[in-house]
Every structure is written in structure tokens, then in C-alpha cells.
Amino acid sequence: MEALLVKAMQIKEFGGPEVLEWVEVDVPNPGPGQLLVRHTFSGLNFIDVQVRKGSYPVLPQLPAILGAEASGLVESVGEGVNDFSVGQRVVYASTYPGAYSESRLIDADVAVPIPESISDEDAAASFLKGCTAEYLVNRCYPVKSGEVALVHAAAGGVGLFLCQWLKELGVTVIGTVGSDEKKDEILSNGAHFAVNYRSESFKELSLDVTQGRGVNVVYDSVGPDVYSDSIDSLRPRGYMVNFGNSSGPLKPIDPVELNVKGSLFFTKPSMRFYQLDRKQLEESSNRLFDVMERKAVKAVIGQKYALSEAHKAHIDVEARRTIGSTLLVC
């Protein structure tokens, strides 16, 4: 079979949203262990913005296609692939970008079948974000019923999954947002308290809610803008979980500060270290699909764009105009 010619959003240099170009690319036949997947939806994540800017070095070379997650149909399978068949619906989240494309090759090891009860749209909107929430609440810091969690950027894609999942586990959730308009969104999706971190003190609220004891865990994808008050919001031996840095890189962590402020724990997790093998990937995705099928957690799709307009989506994400998951329609 000849190579497939498809459209994709590609970058030839790092920079602003304008470096995204709508181009034709060749997709070869799948090699051993690979799938050729025709995308239905691609998920957009803030890490895509960082990759585009060159501040997150995961691209082996330029030109390159962005995007880490997508849903779609298997069009052909490579040698040695026995667990997937042509026409099967799959979803994936990959360490290697390439999802901003109508079709692509993907290692079969990173793809999972989509359950019948879950749509392609919900799968693409939830897989990377939902599996991130899964490892954060179940394995990075295994929360317990009755505890209190502070979730930053709670109206974002991962934030809304965290709020819902934490509530399902019996945890009191304090969510921070960047505007008053986003408060209702998180309060209707699991958060018990909402605070605009630009105009209100989440530290004061955290201490008030916990009668001065502090929260058990902070889930932070923001970074420097909220770090200091987050540390001050924790109770002794609390966990500071920094899994993203939308406001820039953190300064080096001072271990003495962690000690004097309560023998605190700090961790910088990423999903690839919580999905070290196929078994862990399947266990994580099964937990995600289970809570989604039980309607305990749902994908909140705030906005959709045509794949060819991914640059507009990047502009809105950077301007903090989006809520929940953002999808690119392929």
C-alpha cells in the first residue's frame, strides 16, 4: 500500500501560535508493532503550547507535528500486532507528539480500545487528562475520604477531572480559578469551595475550611504564581504535588523551607513514570473508564475547533479563555 497523504498542523520553528501551519504530510504504512489510526478528535493540552514555544524539549527535530492524544479508527496494523483490528475505535496519549494530524502511526503499546459506552469525543477529551487525574489521586498522593485537597486551575481540563474524582472519593475540594465566571463551573463539577486566586486568598480560605490545620494535599499545575501560598496552605506533613507550570518554571526548591513549614513533601510527577509498562497503562485507563461509565466523572468539553484552526485554540488557551477540555475536530 502506498503512503497516505493527509493534512496536519506542523511547526518548522518555535514561537507563537502563528508558527502552526496547515500542510500535507506523508504517513507511511505501519511497521512492526504499529497502528495506522485515522483520527476523529485530537485533544489539546497546555503542554502543546509549551512544546510549540520550545520550552518543553520533547521534539527530536523540526519540522514536527504537535499533539499528544487523540481518538480514532484503526486503518491498518503492523506486523506482530494481535490485540487490535481494522475498524476498531482506539484512544491514546503518547510521549511523542503527532496528534494534530488527520492520520498518524502510533505504537500499539500506547493505544487502548474505547469502551462501547464512551464516545470518540469523550475519549479524546478525557484520556490524557483523566489518566493524569487517576494517578494523582490514587497513586501519587493516595487521598482518603475525609481529607481536604486544594486544586489549582480547577476549571481546566485536568482540574475538572480532579474535582470530580476527589469528590467521588469523599474528599473536600477547594478549587482555584482565574476569574469569577469560572467559579460556578467548578462548583457544579465536584468542588465544594471556589476562589478566584487573582482577587481572593486561597490560603485564607484553605485555613478557614480546615479550622487552621491546613489541607492534606495541593494539586498544582500553575507553578510560581501560587507556590508560596500553596506551601503555607498545607498542614504538617502535607503533600505539594506540582504536575505543571503554566506560569513558568519553579525556582529550585529549598528543603529547609519544606522542613520548617511542617516537614512537607514535594513531588514533581509526570504520567510517563506512572505508566511504566502496558499493565500500568491498562490499569489506569480501566480506572478512568470505570468512573466515566458509572457517571461519577465526566469529560467537560468547553470548546471545539477544526484541526485546521488549532492556532486559534492555542490563542484562547494561552489567554485563559477556555474551560475544561479543548478538542480539535479532525
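Q: What makes the meeting of the side chains of R89 and D120 a salt bridge?
A: In this predicted model, the side chains of R89 and D120 meet at 2.6 Å, N to O. The cut-off is a Lys or Arg side-chain nitrogen within 4 Å of an Asp or Glu carboxyl oxygen, so the pair of R89 and D120 counts as a salt bridge. This pair also links distant parts of the chain: R89 sits in strand β6 (residues 89-93) and D120 in helix α2 (residues 120-140), 31 residues apart.

Q: Why is D120 called buried?
A: D120 has a relative accessible area of 12%. Buried means under 20%, so D120 is buried.

Q: How do you know that the side chains of E75 and R38 form a salt bridge?
A: E75 and R38 meet at 2.8 Å, N to O, and the cut-off is within 4 Å, so the name salt bridge applies to E75 and R38. Here too the pair links distant parts of the chain, with E75 in strand β5 (residues 69-77) and R38 in strand β3 (residues 34-44), 37 residues apart.

Q: Why are E75 and R38 called partly exposed?
A: The relative accessible area of E75 is 30%, while R38 has 36% relative accessibility. Buried needs under 20% and exposed needs over 50%, so E75 and R38 count as partly exposed.

Q: What makes K12 and E21 a salt bridge?
A: The side chains of K12 and E21 meet at 3.7 Å, N to O. That is within the 4 Å cut-off, so K12 and E21 form a salt bridge.

Q: How many salt bridges does the whole structure have, and which residues form a network of them?
A: A search of the whole structure finds 19 salt bridges. R52, K53 and E318 are linked in a network.

Q: What makes β11 and β14 edge strands?
A: They belong to an open sheet of six strands, in the order β11-β10-β9-β12-β13-β14, with parallel pairing. β11 (193-196) and β14 (265-267) each pair on one side only, and that is what makes them edge strands. Neighbouring strands of this sheet are turned by 15 degrees against each other on average, direction ignored.

Q: How do you know that β12 and β13 pair?
A: Two strands pair if there are at least two bridges between them. Strand β12 (residues 215-220) and strand β13 (residues 234-242) run parallel and are joined by five bridges, so β12 and β13 pair. In one of these, V217 has Y239 of β13 as its bridge partner.

Q: What makes β1 and β4 a pair?
A: Strand β1 (residues 4-11) is joined to β4 by two bridges, and the two run antiparallel. At least two are needed, so β1 and β4 pair. I11 has A64 of β4 as its bridge partner. The open sheet around them has the order β2-β1-β4, with antiparallel pairing.

Q: Why is helix α3 called mostly covered?
A: Ten of the twelve residues of α3 are buried, among them G157, F161 and W165. Helix α3 (residues 157-168) lies across β9 (148-151), β10 (172-177) and β12, and runs at about 170 degrees to β9.

Q: How do you know that the span of α3 is close to the expected one?
A: From its first C-alpha to its last, α3 reaches 17 Å, and 16 Å is expected at 1.5 Å a residue. After α3 comes G170, whose phi is positive, near 85 degrees.

Q: How does the radius of gyration of the protein compare with that of a compact globule?
A: With 330 residues, a compact globule would have a radius of gyration near 20 Å, and the protein has 20 Å, which agrees. Of the 330 residues, 53% count as buried. The protein has nine helices and 16 strands.

Key: Residues are numbered from 1 along each chain as its sequence is written. This is a predicted model: local features need pLDDT of at least 70, side-chain atom pairs count only at pLDDT 80 or more; totals for chains, interfaces and linings use all residues. Side-chain values use heavy atoms; hydrogens and water are left out. Helices (H or I, at least four residues) and strands (E, at least two) are DSSP runs, numbered from the N terminus. Axes are lines fitted to C-alpha atoms, for helices over the stretch in contact, and angles run from 0 to 180 degrees between N-to-C directions. Contact means heavy atoms within 4.5 Å. Buried means under 20% relative accessible area, exposed over 50%, partly exposed in between (1.4 Å probe, protein chains only). The expected span of a helix is 1.5 Å times one less than its number of residues. The radius of gyration is taken over C-alpha atoms; the globule rule is 2.2 Å times the number of residues to the power 0.38.
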